[in-house]
Amino acid sequence: MAVTDRSVTSRTIAQHIESVTHHSVPARTIRRRLQQSGLSARRPLLGLFLTQNHRRLRHQWCDERRMWAAEWNEVVFTDKSRICLQQHDSRIRVWRHHGERMLNSCVMHHHTGPASGIVVRGAIGYLSRTPLVRIAGTLNSQRYISEELEPVVLPYIQGFATAIFQQDNA
């Protein structure tokens, strides 16, 4: 059951066994047996849903820069982080073997959607970073340019000899 549904809890497995066999098995025994078989309960990798086109473009971008070494010193990435105030506390676990972190059944896909929280954005380079910028409300392209790019990212990029700007949705 833990192999087919990676997010099932040991308590749910124990209840299922009891409903089928009419014998009680402690959840602790279930956890111990799963661990003996190489499965352990760990937090799932959080990832966004990517379309095939997103994947293709990201692979293409990486392939074109596969032989880079010193060039990475001039790349600047921007990204955002969302701190949710009403979501789960990351105590969800999935059963997985060592080395299965990237397995699709061990990844909790999620959409960024409306929920109470705080959004911060920033840029990073090879050895430095910008301050975080708090974004209130909905961010559109005009606000992105006027509140992050112009006051924060552009002055940061000007400190590089030749900067390559990699925006997070490219």
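1. Buried here is under 20% relative accessible area, exposed is over 50%, and partly exposed sits in between (1.4 Å probe, protein chains only). Helices (H or I, at least four residues) and strands (E, at least two) are DSSP runs, numbered from the N terminus.

2. A word on provenance. This is a predicted model, where local features need pLDDT of at least 70 and side-chain atom pairs count only at pLDDT 80 or more, while totals for chains, interfaces and linings use all residues. Residues are numbered from 1 along each chain as its sequence is written, and side-chain values use heavy atoms, with hydrogens and water left out.

3. Which residues of α1 are buried? They are S10, I13 and A14. Looking down the axis of α1, its buried residues fall within an arc of 100 degrees (taken from the directions from the helix axis to the C-beta atoms), so they line one face of the helix. R11 and Q15 are exposed and sit on the face turned away from that buried side.

4. The geometry of α1 checks out: its twelve residues (10-21) should span 16 Å at 1.5 Å a residue, and the end C-alpha atoms are 16 Å apart, which agrees. The expected span is 1.5 Å times one less than the number of residues. Just after α1, H22 has a positive phi of about 65 degrees.

5. Zooming out, the chain has four helices and eight strands, in the order α-α-β-β-α-β-β-β-β-β-α-β along the sequence. Of its 170 residues, 27% are buried.
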